[in-house]
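Subject: Structure handover

Hello,

My notes come after it.

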Amino acid sequence: MKASDPAYWMLSNGHTSTPTVFDRNCYICRDPEYAQMGVSLCRPCPACTKKQGTNAGHIPADDVECSVCGYEDGPGDYE
């Protein structure tokens with residue numbers, strides 16, 4: 001990315017988001033620029049967490065459905 005890009009400041013400001021869950025098949029989890037930009041990252045599933053413990057399951061940052069159990073945590077996906 002070039003310094004002239006309007007979003008460049010998000011990659012150079014030193015801020016990073018802290019992931020709480022990780023799925024190796026998720027493009028958001030694998031792309032470090034998402035964390036560098038400080039955008040919302042994937043989150044744990046309330047249903048999986050209730051069954052298995054802290055931060056279980058995986059709800060992608062751009063969706064509301066858990067990729068592990070299918071639980072929907074909202075009115076629908078963001079697409």
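Below is what turned up, from the overall layout down to single residues.

First, the ground rules. This is a predicted model, so local features need pLDDT of at least 70, side-chain atom pairs count only at pLDDT 80 or more, and totals for chains, interfaces and linings use all residues. Residues are numbered from 1 along each chain as its sequence is written, and side-chain values use heavy atoms, with hydrogens and water left out.

Confidence. pLDDT is the predictor's confidence in each residue, on a scale from 0 to 100. The protein averages 82, with 86% of its residues at 70 or more. Among the elements, helix H1 (residues 8-12) has the lowest mean, 72. Helix H4 (residues 46-52) has the highest, 94.

Layout. The protein has four helices and zero strands. Both are DSSP runs numbered from the N terminus: helices are H or I, at least four residues, and strands are E, at least two. Along the sequence the pattern reads α-α-α-α. Contact means heavy atoms within 4.5 Å. Among contacts between residues at least 6 apart in sequence, 22% join residues at least 24 apart.

Surface. The accessible surface comes to about 5,400 Å². Carbon and sulfur atoms account for 50% of that. Areas come from the Shrake-Rupley method with a 1.4 Å probe; for residues, only the protein chains shown count as cover. Of the 79 residues, 24% count as buried. Buried means under 20% relative accessible area, exposed over 50%, and partly exposed in between (1.4 Å probe, protein chains only).

Cores. In soluble globular proteins, nonpolar side chains tend to be buried together. A nonpolar core here is a set of buried Ala, Val, Leu, Ile, Met, Phe, Trp, Tyr and Cys residues joined through side-chain atoms within 4.5 Å. The largest has seven residues: Val-21, Cys-26, Ile-28, Cys-29, Ala-35, Leu-41 and Cys-42. Another core, of six residues, lies apart from it and includes Cys-45, Cys-48, Ala-56 and Ile-59. Leu-41, from the largest core, touches Ser-17, Thr-18, Pro-19, Ile-28, Tyr-34, Ala-35 and Ala-61, leaving out residues up to four places away in sequence.

Cysteines. How many disulfides are there? The count is zero, where a disulfide is a pair of cysteine sulfur atoms within 2.5 Å. The sulfur of Cys-29 has its closest cysteine sulfur in Cys-42, at 3.7 Å, which is too far for a bond. Cys-45 is also in no disulfide; its nearest cysteine sulfur, in Cys-66, is 3.8 Å away. Cys-45 is buried, at 1% relative accessibility.

Aromatics. The structure holds one aromatic pair. The ring centres of Tyr-27 and Tyr-34 are 6.2 Å apart and the planes sit at 70 degrees, so the pair is edge-to-face. The rule: rings of Phe, Tyr and Trp (its six-membered ring) pair if their centres lie within 6.5 Å; planes under 30 degrees apart are stacked, over 60 edge-to-face, the rest tilted. Tyr-27 is partly exposed at 42%. Tyr-34 is partly exposed at 22%.

After H4. His-58 lies in the segment after H4. Is His-58 buried or exposed? His-58 is buried, at 3% relative accessibility. Among the residues that His-58 touches are Cys-29, Cys-42, Cys-45 and Cys-66. Asn-55 also has its place in the segment after H4. Phi of Asn-55 is near 55 degrees, a positive value in a residue other than glycine. Asn-55 is partly exposed, at 38% relative accessibility.

Best regards
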